[in-house]
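Reader: Could you take me through this structure, beginning with the ligand site?

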Amino acid sequence: MKLLKEKIMSEGLVLNDAILKVDSFLNHQIDPELMMEIGKEFHRRFSGCGITKIFTIESSGIACALPAGLCMHVPVVFARKQKSALMSSEAYSTKVYSFTKKITSDVTVLKKFLPAGEKILIIDDFLANGEAALGLANIVQQAGSEVVGIGIVIEKSFQPGGRQRLIDAGFRVESLARVQAFKDGKVIFAE
Ligand code: 5GP
C-alpha cells in the first residue's frame, strides 16, 4: 500500500534492529485519513469472504480495525490485555507474549461478543513473531468461530516465525506493508 509505505519512510523511526517506531501516525498520535485508507484496503482484500466480525487487540489494533469495520459494516471487538475481575467465567482467555514489552499477559474477551459460527477477520498493527495473531486466532477457535484471515498493517518479514507460523497454522495473511530489512536506519520494503 503506497500511501502507508510513504508514511513509514517519512515518519517511521528505526529504533534498533528489531523495532520500528510509528507513533506519529499509528501507535500514539493517529492519522485518521491514513487509517481510513487502511480500512478500505483491508475491505478490498477481503471482499467476498463473508466476514461477520473483526477481532483485534488493544490498544493500537483498535485504530486499524475500526475503519475496516466501518467499510465492511461489521462490529469490531478488541481483546483486552489485562484480566478484569468482571470478566472471569464469562470470558475466553489466552496467554500472549509481547514482542515489545517482553512480558506474557492474559488476553481476554467476553464470550458474549464472540459467539460461535462467526467469520472473523483478525487485524493487528504489527506482525513480528506472530504471538498476538496466534493468540487471537486461538480465542476465535475456542469460541467455535472461523478465522477467515489475518490483516496486518506492518509486517516485519525479516523476523523468523512471523508470517510462516501463521501460514503453517492454515491462515491467510494480508500485510499492507512488508518490511524486508532495516538498513542504516532506513526501512527496506519486501516488494
Ligand atoms: P508479535 O506478536 O507478532 O510477535 O508482535 C506483534 C505485536 O507486537 C503487535 O501487536 C505490536 O503491538 C507489537 N510490535 C511488534 N513489533 C513492533 C514494532 O516494530 N513496532 C511497534 N510499534 N510495535 C511492534
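Predicted model: local features only at pLDDT ≥ 70, side-chain atom pairs only at ≥ 80, totals over all residues.

**The ligand site and its surroundings**

Author: Residues are numbered from 1 along each chain as its sequence is written, and side-chain values use heavy atoms, with hydrogens and water left out.

Reader: Which residues come nearest to the ligand?
Author: Of the 16 residues around the ligand, these are Leu20, Asp124, Gly130, Ala132 and Lys156. A residue counts as near if one of its heavy atoms lies within 4 Å.

Reader: Which polar atoms lie 2.7 Å and 2.8 Å from oxygen atoms of the ligand?
Author: A polar side-chain atom of Asp124 lies at 2.7 Å, and a polar backbone atom of Ala132 at 2.8 Å. A polar contact is a pair of N or O atoms within 3.5 Å.

Reader: How much of the ligand's accessible area does the protein cover?
Author: The protein covers 89% of the 510 Å² that the ligand has on its own, by the Shrake-Rupley method with a 1.4 Å probe.

Reader: Which element gives the largest share of the shell?
Author: That is β7, with four residues. Both β7 (119-127) and α4 (131-142) supply at least two residues each. Helices (H or I, at least four residues) and strands (E, at least two) are DSSP runs, numbered from the N terminus.

Reader: Turning to the strands, how does β9 pair with β8 and with β10?
Author: Strand β8 (residues 146-156) runs parallel to β9 (residues 173-183) over six bridges, and Gly151 has Glu174 in β9 as its bridge partner. With β10 (residues 186-189), β9 pairs in the antiparallel sense over four bridges. Strands pair if DSSP finds at least two bridges between them.

Reader: And the backbone: which peptide bond is cis?
Author: The bond from Glu58 to Ser59 is cis, with omega near -10 degrees. Ser59 lies in the loop between β3 (53-57) and α3 (60-72). Most peptide bonds are trans.

Conventions
Polar contact = N/O pair within 3.5 Å; in protein donor to acceptor, adjacent residues only side chain to side chain.
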